[in-house]
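Here are my notes on this one, as numbered points. Have a look at the structure first, then read on.

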Amino acid sequence: MYRHADQDGGLHFYREPTGGQQLDISYDPRNPSRASARQPLYGQVVMALVTVVGLGMACGGLGLTGYQLFLALRG
């Protein structure tokens, strides 16, 4: 749980399960309760790689399942 102050000094809280000791938070000045954390470049690259590998595995699994189904129906 992180605490941040808006431009008027009001305190708001932000929950981030993967954060460290210090976190860069951006918030909407019109709605300070709406905030988001900036993820470092390393975290973005790792997340992109995991997503690409996961999508590749899912597409490969679906493709092989379709191929096996085709072979089974063909006889």
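1. A definition before the surface point: a patch here is built from residues with over 30% relative accessible area and no salt bridge, and nonpolar side chains are joined into it within 5 Å. Keep in mind as well that this is a predicted model.

2. With that in hand, L41, V45 and L49 make a nonpolar surface patch of about 310 Å². V45 belongs to helix α1, which covers residues 41-74. An α-helix has 3.6 residues a turn, so residues three or four places apart point the same way. I'd read the patch with that in mind.

3. Now the helix itself. α1 runs to 34 residues, and the distance from its first C-alpha to its last is 49 Å. That is close to the 50 Å expected at 1.5 Å a residue. After α1 comes G75, with a positive phi near 100°.

4. Stepping back to the whole chain: what is the order of elements from the N terminus on? The protein chain runs β-β-β-β-α, which comes to 1 helix and 4 strands.

5. On the strands, β3 (residues 25-28) and β4 (residues 31-37) run antiparallel and are joined by 4 bridges. They form a hairpin with 2 residues between them. Two pairings to check on screen: D28 stands opposite N31 in β4, and S26 stands opposite S36 in β4.

6. Which residues does Q7 touch, leaving aside neighbours within four places in sequence? Q7 is in contact with Y27 and P29. The C-alpha atoms of Q7 and P29 are separated by 7.4 Å, although the two residues are 22 apart along the chain. Even with these contacts, Q7 counts as exposed because its relative accessible area is 67%, where the cut-off for exposed is over 50%.

7. Finally, the overall numbers. Of the 75 residues of the protein chain, 11% count as buried. The accessible surface of the protein chain comes to about 6,500 Å², and 59% of that belongs to carbon and sulfur atoms. As for contacts between residues at least 6 apart in sequence, 6% join residues at least 24 apart.

Key:
Residues numbered from 1 in each chain as written. Predicted model: local features only at pLDDT ≥ 70, side-chain atom pairs only at ≥ 80, totals over all residues. Heavy atoms only, no water. Patch = residues over 30% accessible without salt bridge, like charges linked within 9 Å, V, L, I, M, F, W, Y side chains within 5 Å. Areas by Shrake-Rupley, 256 points an atom, 1.4 Å probe, with all protein chains shown as cover. Salt bridge = Lys/Arg side-chain N within 4 Å of Asp/Glu carboxyl O. Expected span 1.5 Å × (residues − 1). Buried < 20%, exposed > 50% of the residue type's maximum accessible area, 1.4 Å probe, protein only. Contact = heavy atoms within 4.5 Å. Pairing = 2+ DSSP bridges.
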